[in-house]
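Biologist: Please take one part of this model and go through it closely, giving the cut-offs behind each term as you use it.

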Amino acid sequence: MGRAGEIKRPDLPAGRMRDLNAALHELHREAGFPSAREIARAVGLGPSTVHNVFARERLPRYDQCMAVAGCLALRALTRRPMGGSQEQTLDAISNHLHELWHRAKAEGSVQQTRQPPHSAQQIVLHLNPRNPQVLRDLGDVLHLHHTIRSLCPNAAGHVSPNNGRLLYRLDMGRGDAILRVQTTGTVLLRALTADYARAVAVERVAWSETGFEGQRVRFLLDANATKATARTGQRGKRVGLQTAEVIAWWERQASRAGLATVEVRSRPLRPVIARREARNPTFLQATRLEGLALITDPIALQKAVLSGIGRGRAYGLGLLCLRPADADVSPVLHAPRRLHHKCTRSSGEQRGTTVKDAEPDEVALSPFDQVSVRTDPK
């Protein structure tokens, strides 16, 4: 068990980032393990921001890193002088952390240029409305969330440099239900009960084909558009936005995601209800946004597609779907009752295959950036 106030170190590979993180944790130890809340009060940051400086696997912001380091250095000098004048010691610590941060920044830039393009896959399930588990999942988003997590056991709940968040969207209409699951990992279809889905499709989201700067694309997003109300000395309560405010909210999100909106339409959806035992149900307001946009920053757009947009991403909201401007992103209901999968070759050639005697068991993204479907005989 760690010391009181000690912050868990992230699991980092050998390199400059780990050196910087180790120096921060050593300075934290020298300062007597003050809590993140104590440091936050001293430097004027939020406790979670201070915690992330120590615990996140990514490079902290320079100003936040140096503010935390300065606070810890003062506390360390107060507890145990480290030789020389205080000004000289503080200057030495500041220069050391400054050098470590910039070395980590330079190393991260080199790794980013060498990193292959991200790619994800979307598994489209046409659910069987007569299946008891489907009825249970459609009645409670928490059950649906657990079912999807069983399909993607290795998917991350957060975004890291090498993977994306597990995202999904449920489309309902005229007795049909289509579940679209996006992940960068493996999907285990054998985790589903028999006859859970009538049809399965596999689609690739590859950045060499998704879009480039200046391209016009159609987008579709089911989102929980909210804002925090003002409260003196407290975190504001989040409330849902009305139609006019939703459009303004999307404009801000689109700008961060590397999109310039050309036209947008919004319509309210049924609220998402998460029923928890011994607690009141959670209601999330849902809005569908779709329209036409211009890609202004492909890298920011890539991150937005992988990580999702807005809140409620664990409950089927936040998945941003894109298509070329001349294509339709709306879900196609009334799916065929046969089991299908679509494979995309690395060269960009596509083909569709109808599977009658075999059922997809595991869907994985291959090292060659193509979708492969492994089947076993019944």
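**A loop residue and the open sheet**

Modeller: Aspartate 195 is exposed, with a relative accessible area of 52%, where exposed means over 50%, buried under 20% and partly exposed in between (1.4 Å probe, protein chains only). The model is a predicted one, in which local features need pLDDT of at least 70 and side-chain atom pairs count only at pLDDT 80 or more, while totals for chains, interfaces and linings use all residues. Residues are numbered from 1 along each chain as its sequence is written, and side-chain values use heavy atoms, with hydrogens and water left out. Aspartate 195 is not a glycine, yet its phi is positive, near 65°, and it sits in the loop between strand 4 (187-188) and strand 5 (197-206); helices (H or I, at least four residues) and strands (E, at least two) are DSSP runs, numbered from the N terminus.

Turning to the sheet, four strands form an open sheet in the order 9-12-6-13 with antiparallel pairing, two strands being paired if DSSP finds at least two bridges between them. Strand 9 (259-268) and strand 13 (320-324) are its edges, each pairing on one side only, and the twist averages 20° from one strand to the next. Strand 6 (residues 216-223) and strand 13 run antiparallel and are joined by five bridges, with arginine 218 opposite arginine 323 of strand 13.

Helix 9 (residues 243-256) lies across strand 6, strand 9, strand 12 (287-295) and strand 13, at about 145° to strand 9. Contact means heavy atoms within 4.5 Å, and angles run from 0 to 180 degrees between the N-to-C directions of axes fitted to C-alpha atoms, for helices over the stretch in contact. Helix 10 (residues 298-307) lies across strand 9, strand 12 and strand 13, running at about 130° to strand 13.
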